[in-house]
Amino acid sequence: MGDAESLHSADELKRQKKIKLAIYITIFVVFQIIVITAMSLTVMKVKTPRFRLGNINVQSFESVQATPSFDTKFTTQIKIKNSANWGSYKFNAANVTFLFQGATVGLINIEKGKAGWLSTIKRNAEVSLNSSAITGSNLGNELSSGVLTLNSVGRLNGKVAIMFIMKKKKAANMNCTIAFDVAAKALRSLECK
C-alpha cells in the first residue's frame, strides 16, 4: 500500500506541475497579446507628416495698380514635421507652387530628403513671385483693396519606415494662404491647413 500511495502522490504532483505550467503559459500569451496590441496602436501607427510654410520675411514688394502687376521677394522656411511617427520619413523631390486665383506666379523646388523620427526639418527658401503670367484677372481690384492674397500648394511623396521593417507610403500636402498688405509692403497673414 505504501508504494500505491507514493505512486498516487507522484502522479498528483506531476498533474499539479502540468496545471501550473499551463497557467504560466496562458499568462505569458495574454501578456504578449497585450504588448503587441499596445505596440500596434501606438508605435506602429503611421500618420501623414505635415508639410507647411514657416515664417515669411518680405524683402521687397512692388505693385502697380494701373498696369496691374506685382513683384515680390521673400524668404521662408519649408517645414516637414514628422513628429507623430516612430520612424523616418524619406521623401522625393517636389515643388511648391504659388498661385493667384489659380494662375501660377512662382515656384520653388524641394530636394529629396529625410525627416527623422519624432522630428521636424526646416529648409530655408528664397522666393520670387511676379504677375507676368497673369492675364484677364481681377488683380487690379485686389491691389486696390489693399490686400493681395496668394496660395501655396505642394505635395511630398515618400515613405515612413517603422523599425526598419515596415514601410508605408504617405503623401503630405501643403495648402497655405498668404495675404500681403499692399500699402505697408509687408506680410499680413499666413494660414496653412
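Modeller: Helices, of at least four residues, and strands, of at least two, are DSSP runs numbered from the N terminus. In this predicted model, the chain has 2 helices and 11 strands, and the elements run α-β-β-β-β-β-β-β-β-α-β-β-β from the N terminus on.

Colleague: What is the radius of gyration of the chain, and what would a compact globule of 193 residues have?

Modeller: A compact globule of 193 residues would have a radius of gyration near 16 Å, whereas the chain has 31 Å. As for its extent, the C-alpha trace spans about 120 × 30 × 25 Å along the principal axes.

Colleague: Why does Tyr24 count as exposed?

Modeller: Tyr24, which lies in helix H1 (residues 2-41), has a relative accessibility of 54%, and exposed means over 50%, so Tyr24 counts as exposed.

Colleague: What makes Ala66 count as exposed, and where is Ala66 found?

Modeller: Ala66 is found in the loop between strand S2 (57-64) and strand S3 (69-81). Its relative accessibility is 76%, and the cut-off for exposed is over 50%, so Ala66 counts as exposed.

Colleague: How many aromatic pairs does a search of the whole structure find, and why is the pair of Phe74 and Phe180 called tilted?

Modeller: The search of the whole structure finds 5 aromatic pairs. One of them is formed by Phe74 and Phe180, at 5.8 Å centre to centre and with 45° between the planes. Ring centres within 6.5 Å make a pair, and planes under 30 degrees apart count as stacked while those over 60 count as edge-to-face, so the rest, including a pair at 45°, count as tilted. This pair links distant parts of the chain, with Phe74 in strand S3 and Phe180 in strand S10 (residues 166-181), 106 residues apart.

Colleague: How do you know whether Phe74 and Phe180 count as buried or exposed?

Modeller: Buried means under 20% relative accessible area. Phe74 is at 0% and therefore counts as buried, and Phe180, at 0% as well, counts as buried on that ground. Phe61, Phe74, Phe98 and Phe180 form one aromatic cluster.

Colleague: What share of the residues in the chain is buried, and what share of the contacts with a separation of 6 or more comes from residues 24 or more positions apart?

Modeller: Buried residues make up 32% of the 193 residues, and residues 24 or more positions apart account for 66% of those contacts.

How values were computed:
Residues numbered from 1 in each chain as written. Predicted model: local features only at pLDDT ≥ 70, side-chain atom pairs only at ≥ 80, totals over all residues. Heavy atoms only, no water. Rg over C-alpha atoms; globule rule 2.2 N^0.38 Å. Buried < 20%, exposed > 50% of the residue type's maximum accessible area, 1.4 Å probe, protein only. Contact = heavy atoms within 4.5 Å. Phe/Tyr/Trp six-rings, centres within 6.5 Å; stacked < 30°, edge-to-face > 60°.
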